[in-house]
Amino acid sequence: MTAFAYRDGVLHAEGVSLAHLADEVGTPLYVYAAGAIEASYDAYARGLADAGLRALVAYGVKANDNLAVIATLARRGAGADVVSGGEIARAIAAGIVPGRIIYSGVGKTPAEIVQALDAGIRQFNVESAAEIDTIARIAGDHGVTAPVALRVNPDVDAGTHHKIATGRKGDKFGVDMVDAPALYARMAADRRLAPRGLALHIGSQILSLAPFRAAFGALAGLARTLRAEGLPVATLDFGGGLGVAYRDDAEAPSRADYGRVIAEAIGDLLVDVAIEPGRSIVAMAGVLVTRIVATKESHGTRFVVVDAAMNDLLRPAMYDAYHGIRPVVRPRTEDESLVDVVGPICESSDVFARARPMPPVAARHVLVIDAAGAYGRVMASCYNARPLIPEVMVRGDRAEIIRRRPTFEESIALEAMPPWLAPASTQGAA
Ligand SMILES: *Cc1c(COP(=O)(O)O)cnc(C)c1O
């Protein structure tokens, strides 16, 4: 059952008409289905439990950091994987228990480390020898012990887009496997640190279990080595989740199989397990609703110009990503022609789809860009002075605005004129 389906010829999010939302809220807008977010989280929790694992599902907040989205997952018992002080603040504001927050990232600043220690997070996933020293020093200064896990780079090519592969030799993330035992021993010898275990994250949008199997096996092997040396390894963090099927002909592995791959890697090791899925929890639970501004034809190409743009949904421009696009009102004909769906921004990369089969459409019609719940609004910018677009959450027949569109005045309000540009009348005559 998908959360977005035609009912009486009109595309709905759960029980709410997207045509109605487009009129009421104004386009472009993001719409998220709460039920789909919950079902996706539950499928992970069940997949791990069925594989016999005691596991924390720490939602990868960067995929969609809207407070209502995080809170929906917090209610389910989710933890959070965060990569910045801003995400720590959001996760806590949305009701994530600090003891379930994992802090990842290669560039944690001293201020962010202090913030995380004060909040009492579950663990820092440490990415380098230098960071071990920084966290130890700051924890020592504050008279606390910092819980740390060592993020290793298993040198596995996840076979995903090069901009989102993170576990190959030469990627900036984690420490090399060969260096891990010495670094782990160093953490264990430092009284300001409490080593909790190991972590990895090999990349995003991975649709095959093979790279996970290779990386997870390597991580469990390292845990055995460390334990044999008498070092404490209580937890293994297996990183981000599965990819999603953006294309109709693609298929993502099941959560049950993913759980089994972890269970097989661990074998008889008694450890707590954490995973950090982001994309797979929210991608399919969200759509971008946009209205056609104009259609035009040029040199044999038919363009459909919409009111959403690359600043609202960057994935096509940034990763050549594919998103399904369909009219909100079901077409009455099977006829289709090839069109380019483009935004209004003055950049050649402001294109959502090229040569895409589309039923007859015209200005004022509303289109829905599918699978936009992850890495959508969070990557949006205000380029071209376009305010961030509103977000709506639907639950059954109810729809609520969970982030409103700022006014132009609000968008301008953070800026200030230097005195030499202030109007002459306020400068005082000399
Ligand atoms: C981005 C990221 C995640 C989430 O990855 P998804 O592919 O969205 O599941 C998890 N952990 C870390 C460290 C990340 O950087």
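Let me start with a cut-off: buried means under 20% relative accessible area, exposed means over 50%, and partly exposed lies in between. Keep that in mind. One more thing before the tour: this is a predicted model.

Take Asn 384 as the test case. Its relative accessibility is 41%, so Asn 384 counts as partly exposed. Where does Asn 384 sit? In the loop between strand 19 (366-369) and strand 20 (391-395). The backbone is worth a look there. Asn 384 is not a glycine, yet its phi is positive, about 70°.

Gln 205 is another non-glycine with a positive phi, about 55°. Its loop runs between strand 11 (193-199) and helix 8 (209-228). Is Gln 205 buried or exposed? Buried, because its relative accessibility is 16% and the cut-off for buried is under 20%.

Staying with the backbone, there is a cis peptide bond. It runs from Thr 27 to Pro 28, with omega near -10°. Pro 28 belongs to the loop between helix 1 (18-25) and strand 4 (29-33).

Next, a charged side chain. Glu 131 is part of helix 6, residues 129-141. Its relative accessibility is 6%, so Glu 131 counts as buried. What does Glu 131 touch, leaving aside neighbours within four places in sequence? Gly 105, Val 106, Lys 108, Asn 125 and Val 126.

Now zoom out to the domains. There are two parts to the division: domain 1 covers 4-31 plus 285-406, and domain 2 covers 34-282. The contact takes 22 residues from domain 1 and 22 residues from domain 2. Between the centres of the two domains, taken over C-alpha atoms, the separation is 33 Å. About 1900 Å² of area is buried between them. Carbon and sulfur atoms give 53% of that area.

The largest pocket has a volume of about 1100 Å³. How many residues line the largest pocket? The count is 44. Nearest its centre lie Thr 2, Asp 248, Met 284, Arg 326 and Asp 370.

Helix 2 has the largest share, with 6 residues.

Then the second largest pocket. Its volume is about 620 Å³. The lining holds 29 residues. Lys 62, Val 83, Thr 166, Phe 173 and His 201 are the ones nearest the centre of the second largest pocket. By class, its lining has 10 nonpolar, 12 polar and 7 charged residues.

To recap for anyone opening the model. For backbone, look at the cis bond from Thr 27 to Pro 28, then at the positive phi of Gln 205 and of Asn 384. For pockets, start with the one of about 1100 Å³, then go to the one of about 620 Å³. That's the tour.

Conventions:
Residues numbered from 1 in each chain as written. Predicted model: local features only at pLDDT ≥ 70, side-chain atom pairs only at ≥ 80, totals over all residues. Heavy atoms only, no water. 1 Å grid on protein atoms, 1.4 Å probe; cavity = no way out; pocket = protein on both sides within 12 Å on 5 of 7 lines; lining within 4 Å. Points joined across faces, edges and corners; volume = space filled by probe spheres on them. Helix = DSSP H or I, 4+ residues; strand = E, 2+ residues; numbered from the N terminus. Nonpolar A, V, L, I, M, F, W, Y, C, P; charged D, E, K, R; others polar. Buried < 20%, exposed > 50% of the residue type's maximum accessible area, 1.4 Å probe, protein only. Contact = heavy atoms within 4.5 Å. Domains from an automatic or database assignment. Buried area = accessible area lost by both parts, 1.4 Å probe.
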